[in-house]
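Here's a quick briefing to read with the structure open in your viewer. Take a look first, then work through the notes by topic.

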Amino acid sequence: MLLEISDLSIQYPRAASPLLEHISLGFACGEVTALLGPNGCGKTSLLRAISGELDYSGRIHLFGRPQADWYRSQQDHRALARRYGLLAQHSNLNFAFTSREVVQLGLGPGSLSRAEQGERVEHFMQRADVWHLRDRLFPSLSGGEKQRVQLARVLSQLSLADPGDKKILLLDEPTSALDLKHQHEVLALACEVAGDNTAVVAVLHDLNLAARYADRMVMLADGRVQADGTPAELLQPDLVERVYGYRGQLVDMAGYSALL
Amino acid sequence: MEFRLSDKSLLPALIALLLLGSCISLAVGAMTIGWRDVLAGLLQWSWPGILDQDVPEQYALVLGEIRLPRLLLGLIVGGTLGVCGAVMQGMFRNPLAEPGIIGISSGAAVGAGIVLVFGGVLSVWLGTLYEKLQWLLLPTFASFGAIFATWLVYILGDRGRSVVMMLLAGIAISALAGAALGMFAYVATDTALRDMTMWQLGSLSGATWTTVLVSGIIFAISAGLLWARASDLNALLLGESEARHLGVDVVGLKRQIIVLNGIAVGAAVSVSGIIGFVGLVVPHIVRLLRGPDHRYLIPYSALLGGLLLTVADTIARSVFAPAEMPVGIITALLGAPFFLFLLWQQRQQIF
């Protein structure tokens, strides 16, 4: 397991009950896992705890090493940054960088030559379908465009890993601001990235989208993991009603199941 | 397509303007000196007797002992304010942050005021040692004041997340500093009082070769160290969490910025007083011309800050010559409307 969480609890100060209680999950290389659950069930908090931005009790291991260990020395911290990326839900960049410059920030001041940097930036901007926006100012982009530019930045960051190194990519609602076409493109891209030695964990709200692209789905609610399995196992009206309080109907169409 | 100037056109243009501004600043003042005499006077002052021709003794003295240190001090203080403005705006992730506006300069002034007013007490204790240490005590105390003020504004402003809180905390700290300085004024001697009034408005008239040397060394070191973190500052603009994910030691970076920025502002304020708005206007112009990348923003802000303050000081010296205005009045006249304009532009984001 590249990312291993055991017995994790999160309690916000002054909250009556813990947000997450004794959660244990492992995420494997090459898999796309969709993290699902109703609003406020702790999906984003889980990602923040994994990143060490939130106090928690329990154990989180990244690449087999306790999470806090990675931040002890600057050298390890930088080494982690090459193999571990997070795409946040919102970005608040007020300064007039162009999209290309934002993506370039993912590569940092590192050891790459200028030409090599330019090539990688173009490559990942093409993959996130934002190359045509390269000279636009980032603050002037729409929400969905910003999200895709940031995705290109995180992907370029992970391209710094040594070949053969295993990687972790966390995506916090990567499709929330996207149009239909780009929702599918971005998740297809996430699957491609997973194929390159990476464990991908994506917080998603659209069950059908998750079922179509994810290898595995995890449903959180009431502080616990309610279900963990393949899309076929989880796309069940009973389970969905228990987690979300909404009963849908399962429809079979051209080989795909969809919950409507 | 975004408008950006290349270094090839921006750097020579800025250096040419800087040289031009410096020459004008040397020539203009209570006594106007022609450009030939400026050169001759400076040479005469540096190596007496190197020239065959006769240069009025007075020219050499005015240029070498008054105008040249003052010009250099203007370049140093302006550069410091430009760099510190740029770096503060990066750390707060907001283009409104500026040492004068958010109370950092006021904090520095209180620190320096403590030395000026209570220096008499210290000198009783330390005797002649105090005389020897005074050039160091002033910037040291001013730096501590500046560091404390920065830290306070940063904490109160919710670590840069809240612009409103940042500006309000700046107002509160400036008010508190004003009260402290006012109280000092009661107990101050006449000389100390005159020095303190000069500070509240900002002036370069106290320039000597010692102040140039001290503030110049502090400026070079702190600006250089800040420049070395330019790439990390760029990452910080994305957000603290994003910067951390990119491998930046965010806590260490912010600590370093607060301390270095405090030391630089403290050194500048201890020799020139509170000169407002240079740190606001300068980085803004550089961003418009060259973009927000700190690798370029920091050095260009140093150059443009120096240029702006030199021009403002030349105006302050010559408008009512032979009397002179505090240069802080000129920078406020230029900068305050600009600040209002920025506020107006940002009004949707602030509230």
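Predicted model: local features only at pLDDT ≥ 70, side-chain atom pairs only at ≥ 80, totals over all residues.

Local features need a pLDDT of at least 70, side-chain atom pairs count only at pLDDT 80 or more, and totals for chains, interfaces and linings use all residues. Residues are numbered from 1 along each chain as its sequence is written, while chains are lettered from A and ligands numbered from 1 in the order in which they are written.

**Confidence**

- pLDDT is the predictor's confidence in each residue, on a scale from 0 to 100.
- Chain A averages 91, and 100% of its residues score at least 70.
- For chain B the average is 85, with 94% of the residues at 70 or above.
- Within chain A, the element with the highest mean pLDDT is strand 8 (96), and the one with the lowest is strand 12, residues 256-259 (80). Helices (H or I, at least four residues) and strands (E, at least two) are DSSP runs, numbered from the N terminus.

**The sheet in chain A**

- Six strands of chain A form an open sheet in the order 6-7-8-3-9-10, and the pairing is mixed. Two strands count as paired if DSSP finds at least two bridges between them.
- At the edges sit strand 6 (84-87) and strand 10 (224-229) of chain A, each pairing on one side only.
- From one strand to the next, the twist averages 15°.
- Helix 5 (residues 143-158) of chain A packs on this sheet, touching strand 6 and strand 7 (167-172) of chain A, and its direction makes about 175° with that of strand 6. Axes are lines fitted to C-alpha atoms, for helices over the stretch in contact, and angles run from 0 to 180 degrees between N-to-C directions.

**Strand 3 of chain A**

- Strand 3 (residues 32-36) runs parallel to strand 8 (residues 198-203) of chain A, and 4 bridges join them. Ala34(A) has Ala202(A) as its bridge partner there, and Thr33(A) has Val201(A).
- Strand 3 also runs parallel to strand 9 (residues 216-221) of chain A, again with 4 bridges. In strand 9, Leu35(A) has Val218(A) as its bridge partner.
- How covered is strand 3 of chain A? Mostly: 5 of its 5 residues are buried. A residue is buried if 20 or more other C-beta atoms (placed from the backbone) lie within 10 Å of its own, exposed if 12 or fewer, and partly exposed in between.
- Both faces are covered, with Val32(A), Ala34(A) and Leu36(A) buried on one side and Thr33(A) and Leu35(A) buried on the other.

**The nonpolar core**

- The largest nonpolar core has 173 residues, and Ala190(A), Val200(A), Ala202(A) and Ala264(B) touch the most other members. Such a core is a set of buried Ala, Val, Leu, Ile, Met, Phe, Trp, Tyr and Cys residues joined through C-beta atoms within 7 Å.
- Helix 3 (residues 57-92) of chain B gives the most to this core, at 17 residues.
- Ala190(A) touches Val32(A), Leu171(A), Val200(A), Ala202(A) and Tyr213(A), leaving out residues up to four places away in sequence. Residues are in contact if their C-beta atoms, placed from the backbone, lie within 7 Å.

**Domains of chain A**

- Chain A is assigned domain 1 (1-83 + 165-228) and domain 2 (93-160); such bounds come from an automatic or database domain assignment.
- Taken over C-alpha atoms, the centres of the two domains are 23 Å apart.
- Across the boundary, 13 residues of domain 1 are in contact with 12 residues of domain 2. Strand 7 and helix 6 (180-195) of chain A each give two or more residues to the domain 1 side, and helix 6 has the largest share, 5 residues.

**Where the chains meet**

- 20 residues of chain B are in contact with 24 residues of chain A.
- On the chain B side, helix 9 (230-237) and helix 10 (240-245) give two or more residues, and helix 9 gives the most, with 4 residues.

**Glu21(A)**

- Glu21(A) is found in strand 2 (residues 20-27) of chain A, and counts as partly exposed because 17 other C-beta atoms lie within 10 Å.
- Glu21(A) touches Ser9(A), Gly223(A) and Arg224(A), not counting residues up to four places away in sequence.

Note on methods. Contact = placed C-beta atoms within 7 Å.
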